[in-house]
Amino acid sequence: MAKKPLTNEELNELVAGLHRLSRNLWWTWDQGAQELFSELSPRAWQNLYHNSVAVLHELSDYELRARLQDQYLAERVRLVLKAFDAYMGDTATWTHKNAAKLKANPVAYFSAEFGFHETLPIAAGGLGVLAGDHTKSASDLGLGFVGISLFYREGYFQQAIDHNNWQTEFYNLLNPKNLPIEPVLDDTGEPLVCQVEIGMNQVSFRAWRVNVGRVPVYLLDADLAKNEQHFRDLTLRVYGGDSTTRIMQEVLLGIGGVKLLRAMGIAPSTFHMNEGHAAFLTLELIREKTAAGKTFQEACTETRAQCLFTTHTPVEAGHDRFSPSLMDYALQRYRTGLTVSTSELLGLGRVHPQDQSELFCMTVLALKLSRAANGVSELHGRVSRHMWQSLYPGKAVEQVPIGHITNGIHLPGWMKGPMRQFLRRKAGEDWEEQVNSEAFWQKMADPAVLSDEEIWALRYRLRRELIEFCRRRLLIQGQRLTQGDYIVFDALLNPDALTIGFARRFATYKRAPLIFQQMENIVRLCHDKSRPVQFIFAGKAHPRDDDGKRYIQHVIHLSKYTELKGSLVFIENYDIHVARQMVSGCDIWLNNPRRPLEASGTSGMKAGCHGCMNLSILDGWWREGYDGTNGFAIGDDTHPASVEEQDRLDSVNLFKSLTEQVIPLFYQRDAQGIPRQWIQRIRRTFETLVPQFTTDRMVKEYAQKYYLGK
Ligand SMILES: *Cc1c(COP(=O)(O)O)cnc(C)c1O
């Protein structure tokens, strides 16, 4: 019996529902929703880089309606929409039960970058990805929460490699029409426009809203016709330009962000500064209070009670410092509203307020005007207390008021499709509701629930998918092995080999090429026919970081012109999509930063839930996560004082762990060909790491420790 065709009304509802769904990033962490978009046009899905809004634009309304007469498809659309609506309307969230008072007055979370998804490339690296994951979990938990950032219309750069293996940068213009963002409108339906004083000018800006589940994130955009061109270009690129651009971007973000919230009638209970870039927001909070009649001191005290600050790096260059003359220039007009002398203002950003030669530091400003501050791992908390002790004269290091909350990841958002499908089959339809719990991962670690064979089959599938992804990319990158007249790009990488991944920003302290210091030994390991090892690298260097670019050049050179060819590849244009392929498909996630400069690190957390294990220096999160059974360590919980000695020792220890532990364990197979002990470690990874290092746990900690408290 044929089913009754859908009525026009039913079709309208489904079509409208799909459009609504495409414009809420919830779909990026729902498997069913993703499958719908990819199925509507598999080719557009790939070519448009998984952009749901753009995919829907590819289909005529006529086609979409015709397709929805396939009742099986229509039913799946209905189910996904039902799940989406249930999510959006849920009134029994963690917040309702535990933090109800945060509902009316949300947390305003300011970050210069947010990494949500590969189609909205407005993040430079881990900081932005963390902000994105924080937001997704805030939504899952039902927290009252709004994000503030900038709409960079050229985003962060796209990486290409020239014939000298040198990184070059290019930029794609983002088209708001093809992105999951919506204009913020005023009462008359026109774009809401606000002003901020920068230099001697009134700079106008508008805003775009990104819907991240239940949470709105507002992106400020200065590209308005009434602004002079150089102000329009303030929101051109992530961390673009020189320090003048930088300070102006930060004025827009911090001061403009508060103005936007006020214009929308949002009254946050807490202003959370994710890194110092947004710290100018404290000035606007002070200005509001002095304008209402408070003294400067009173205003500072009250502002402090409203603000919270998270510092993210011990690396000096990660802390913005501006000269007094640049401060003077950028704030010359704004300052007059502050009822405070220039020297008092500059003092807010100085460790020694009277020292006229000291630069104005955004981290200092944020620390001075927050009720609480934290680092992003236990060790980083400790390092930060040392670093900023001089701000708190008379206090012993342990008394410096900087705590820590260790970073995490948004698990459902990071899991690759096959992993989600696997868990759905194993744990049932409601697996996502349990995925952050320890009990869930204890179950997944139980051999009675998941057999060694099943885990091994999954690992093979994920590795195979990564290798095919790499081969496709390498073909596009123009790297091919020829054999006679044939291109044999399938000869690059071996689906049976122990696959080691390294991908992150190529900041020099992360020491990407460290492992190749032992070049001969590494070549030997790669060529070992019975126990082969191979490497996949990716990452971007900051456009002005020539040392980082030299590291990239070195790795690519090794991959093309040495005996490592075929066993070492470099995947260009690292981003969230490449990251997901790599953390899921590799067997080992390598991290060898110069301790203690990796404040937390998060890419290794993304690996664990796929059964990819960490081999890492005991820095940042790994120092807390590693217990001797759930992955591999390089060296111990100390580091030598001299950098040279550290590099030498770490390189030796890296090779030692690799050859004495990792490789033997991976290749120790039983009669069925299964590496039982390796899989035992994967079970320990599931059990002891995956539920610990989530943003679900992290945001709950922020809420209980900082957002709720005074
Ligand atoms: C997770 C992630 C990072 C952070 O990686 P770390 O190893 O923690 O520095 C950077 N970039 C992208 C695209 C990521 O997904």
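Colleague: What makes Asp-30 a cap for the N-terminal end of α2?

Modeller: In this predicted model, a side-chain oxygen of Asp-30 lies 3.2 Å from the backbone nitrogen of Gly-32.

Colleague: Why is α2 called mostly covered?

Modeller: Seven of the 10 residues in α2 (residues 31–40) are buried, and buried means under 20% relative accessible area. The buried residues are Gln-31, Gly-32, Ala-33, Gln-34, Leu-36, Phe-37 and Leu-40.

Colleague: What do the buried residues of α2 pack against?

Modeller: They pack against α1 (8–22), α3 (42–47), α4 (52–58), α5 (61–68), α6 (71–89) and α18 (417–427).

Colleague: Why is His-50 called buried?

Modeller: His-50 has a relative accessible area of 10%. The cut-off is under 20%, so His-50 counts as buried. His-50 is placed in the loop between α3 and α4. Leaving aside residues up to four places away in sequence, His-50 touches Trp-27, Trp-45, His-117, Glu-118, Thr-119 and His-577.

Colleague: How do you know that the side chains of His-50 and Glu-118 make a polar contact?

Modeller: The contact joining these two side chains is 2.8 Å, and the limit for such a pair is 3.5 Å.

Colleague: What is there to note about the phi of His-50?

Modeller: Phi of His-50 is positive, about 65°, although the residue is not a glycine. Most residues other than glycine have a negative phi. Leu-493 also has a positive phi, near 70°. Leu-493 is found in the loop between β16 (486–487) and β17 (498–503).

Colleague: Is Leu-493 buried or exposed, and why?

Modeller: Leu-493 has 4% relative accessibility; buried means under 20%, so Leu-493 counts as buried.

Colleague: Why is Arg-472 called partly exposed?

Modeller: Its relative accessibility is 43%. Partly exposed covers the range between the 20% limit for buried and the 50% limit for exposed, so Arg-472 belongs there. Arg-472 lies in helix α21 (residues 452–476).

Colleague: What makes the bond between Arg-595 and Pro-596 a cis peptide bond?

Modeller: Omega is about 0° for the bond joining Arg-595 and Pro-596. Most peptide bonds are trans. Pro-596 is in the loop between β20 (588–591) and α25.

Colleague: How do you know that the ligand lies between domain 2 and domain 3?

Modeller: Domain 2 (105–158 + 168–407 + 700–707) and domain 3 (464–675) both give residues to the shell around the ligand, so the ligand lies between them.

Colleague: Which of the 14 residues around the ligand come nearest?

Modeller: They are Arg-504, Lys-510, Thr-602, Ser-603 and Lys-606. A polar side-chain atom of Arg-504 lies 2.9 Å from an oxygen atom of the ligand. For Lys-510, the distance from a side-chain N or O atom to a ligand oxygen is 2.7 Å, and for Lys-606 the corresponding value is 2.6 Å.

Colleague: How much of the ligand does the protein bury?

Modeller: Taken alone, the ligand exposes 390 Å², and the protein buries 93% of that. The elements giving two or more residues to the shell are α8 (126–141), α24 (576–585) and α25 (603–608). By class, the shell has five nonpolar, five polar and four charged residues.

Note on methods: Residues are numbered from 1 along each chain as its sequence is written. This is a predicted model: local features need pLDDT of at least 70, side-chain atom pairs count only at pLDDT 80 or more; totals for chains, interfaces and linings use all residues. Side-chain values use heavy atoms; hydrogens and water are left out. Buried means under 20% relative accessible area, exposed over 50%, partly exposed in between (1.4 Å probe, protein chains only). Helices (H or I, at least four residues) and strands (E, at least two) are DSSP runs, numbered from the N terminus. Contact means heavy atoms within 4.5 Å. A polar contact is a pair of N or O atoms within 3.5 Å; within protein, one must be able to donate a hydrogen and the other to accept it, and residues adjacent in sequence count only if both atoms are side-chain atoms. A residue is near a molecule or strand if one of its heavy atoms lies within 4 Å of it. Accessible areas come from the Shrake-Rupley method with a 1.4 Å probe; for residues, only the protein chains shown count as cover. Ala, Val, Leu, Ile, Met, Phe, Trp, Tyr, Cys and Pro count as nonpolar, Asp, Glu, Lys and Arg as charged, and the others, Gly among them, as polar. Domain bounds come from an automatic or database domain assignment.
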